[in-house]
Amino acid sequence: MVFTAVPSSLSPSPFGALFSTYDLDASYDEMFDPAGLARAHCQALFDELRIASNVDLSQRQMEADKAFLTQGITFTVYGDNQGTERIFPFDLVPRMITASEWSLLERGLTQRLTAINLFIKDVYHEGRILSEGIVPRELLYSCRHYRREMRGVHVHRDIYVSVAGTDLIRLEDGRFVVLEDNLRVPSGVSYMLANREVTKRVLPGLFDKHHVKPIAHYGQALLATLRALAPPSAGDPTFVVLTPGVGNSAYFEHAFLAREMGIALVEGRDLLVHDNIVYMRTTAGLKRVDVIYRRVDDDFLDPLAFRTDSHLGVAGLLNAYRAGNVSLANAIGTGLADDKALYAYIPAIIKFYLGEDAIIPNVETYLLSNPTHRQHVLDNLDTLVVKAVGESGGYGMLIGPHSTSVERESFRAKIQSDPRNFIAQPTLSLSRAPCFIEDRIEPRHVDLRPYVLYGDRVTIVPGGLTRVALRKGSLVVNSSQGGGSKDTWVLED
Amino acid sequence: MLLSRVADSLYWIGRYLERAERMARLIDVRLDLGLDRRPSGWNFSRLYAVARIDPPASLPENPSALVDALMFDTSRRDSVMACVNLARDNARQVREEITSEMWEQLNALFLRLKEVRAGSSGSARPHYISRLVVDGVHLFDGVTDETMGHGEGWQFLQLGRFLERAGATAALVDLHFNEGQLLPASHTEWLGLLRSCAALEAYCRCYTADLRPERIAEFLLLNSEFPRSVRFAAARVESALRAIAVLTARGAGGRAERMAGRLHASLDYGQVDEILSEDPHVYLETIARHCSQIHAAVYQSYVMYPIESALPA
């Protein structure tokens, strides 16, 4: 018997009510091929789901939600003065990735991060790529996160980005492309780990039927990465995680990672700099700190160097860093390569430093500072996605097909007054994966954020955070805007 | 070695949970014994005095209003719920230092209290709520002892818990012996005092059910075996401080440790007839003062010390 996922009022699904409203559209479906057949690697999951009852799944969903709540795996909602803690919505149907898909991603992400590190080193030193005209100088120097304080600063082993959280999406033909690189302080890895733990708890039977690559060693891998950064002078280095504090939306993750690694979680007020050496204040007196995995943005790191109104950072940290007495992960100034206009140059950057073509392509991107591109974009605002170059988290963007004419006119005016600040991309249909919504299985758009570590070598724990746009038809997966997440299984061959 | 901020948070988790438990017990016992019932209705002014809380302009007029105020009103720092919230806030800030089981236990207590408060009949069940809190704190203490290494962090938790206990128990005894106070020395009041310290059964095993003020004072102040006596608490404060001094390589004989030793010794060698025949109020006040001096000394040595004194050589 062949399961047809395309619904028809004449022939209701033979597999019970769970899939009765599951439809296929032009976007790539993670579970079904266009003919409505389950993809080979999803067959076992599909077999399991079509005989499951919605009552049973609801029960498991509730168990999962409760597990998140009691463990305090929550985020704080900004702009809500109740200090409300919410759980990040979790969908219990795992997303599957095959071994061969993964190995391609692994090679592609390794290549990309290697090139980006070479690029950042280059632009803060001799700037070959600028002199050879591959990346325009005015573009680079106008990146919001370019830090002139980092010009000529030696970064130990030239490792600038040691943790990246690359956002990948899947096009209609099934190819993965990079949407964003997230080279500053990417978050979400704790959800990747927690999702796995909770899934194991509520769907234990499913793991017996699949060979899922483990991800639990992320903490060790991160610590090994930090170890690679330790200044040569540090004999037995001390590592810390620097958090903005309990009010930060990712605080749970900061504490989680510190515990996973067995290192101290510090706030700015726990640290001080004396004679260009960083210390933490302990009950046994001051203790020297050698490597800081900082989850505080550049702007807030050091009130003497950056924002003077910041209480989150440590006065004097930049000088201690420049003196080579402490290492930071990530380095200061890596955010320049997060600029969405600079993003368009990454394939050229890979070519320039490595002599290779990008293994994972970019999304086609129009630079609005280019007059030809600009005209094309202004003529097609209703079909394109326009993004502000320095924004993230799904803010500051226009999704053409879902926009009103008022919104389009407001973006038109913004683009014309400051074209460098915007880029445009075609409206992409993210792939869709089956999700348990209320009492049935429905497809929802997803992306994928693997976490790439760069220390002695590149390490990518097989998996990532699959974010889900839980609202029907929505393409926005950000947690701040109605997104959730699900466990991501990279299967063994 | 601990971050000073972390030590501070652990210390306060211990204090706040001890406070929450004590308050929950106190409310339960006084309502259960009807200690504040008058022919004209309820008058909770004594309960406020016993709990060392400044009474509001208008006192609650029935048990359910009392529960709303002293259990659930988070706008005041001394309600049970506020103490649990503060303990949890501190725990959230040291999530990486405490075990997941400890966090989950404390978080579960918080969530259950929140649930009861949101429910319609929450404040009509003071005994149930009180048990919830007492059991929740006991479970937390048990999980702490069984899952957390008994290192410096654990010692700071103990320090907070027992320092709070020593001071609060001394104050409670003081109120019952202090002449001119509101409390009449009735049998039920003495019963209430013992039960507020979870001490009734232990007392009876020691002295039989014959409740005599000087024996009660002796038991709650000077007994060396009962975990809620002031002497027992002082011994634990001293041993925690001694352990902390060793673990932080501060060397023995620091200020906090010396003061705790002195407090402990005065209780070790105290005589109840002397205490009562002189001025018990002065004696008990001295204990409370020693407790706050120990608190200040701990801060000076481990939390708020001047940087110049602490740079490595």
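pLDDT is the predictor's confidence in each residue, on a scale from 0 to 100. By that score chain B averages 91, and 97% of its residues reach at least 70. Where pLDDT is low, the predicted coordinates should not be read in detail. The model as a whole scores ipTM 0.82 and pTM 0.86. It is a predicted model, in which local features need pLDDT of at least 70 and side-chain atom pairs count only at pLDDT 80 or more, while totals for chains, interfaces and linings use all residues. Residues are numbered from 1 along each chain as its sequence is written, with chains lettered from A and ligands numbered from 1 in the order in which they are written.

Chain A splits into domain 1 (101-354) and domain 2 (366-426), bounds that come from an automatic or database domain assignment. Taken over C-alpha atoms, the centres of the two domains of chain A sit 29 Å apart. Six residues of domain 1 of chain A are in contact with six of domain 2 of chain A, contact here being C-beta atoms, placed from the backbone, within 7 Å.

Now for one residue, A:Tyr191. Helix α6 of chain A (residues 189-202) holds A:Tyr191; helices are DSSP runs of H or I with at least four residues, numbered from the N terminus. A:Tyr191 counts as buried because 28 other C-beta atoms lie within 10 Å, the cut-off being 20 or more within 10 Å of its own, with C-beta atoms placed from the backbone. Leaving out residues up to four places away in sequence, A:Tyr191 touches A:Phe88, A:Leu465 and A:Ser485. From A:Tyr191 to A:Thr283, 92 residues apart along the chain, the C-alpha separation is 32 Å.

How values were computed
Helices (H or I, at least four residues) and strands (E, at least two) are DSSP runs, numbered from the N terminus. A residue is buried if 20 or more other C-beta atoms lie within 10 Å of its own, exposed if 12 or fewer, and partly exposed in between; C-beta atoms are placed from the backbone. Two residues are in contact if their C-beta atoms, placed from the backbone, lie within 7 Å.
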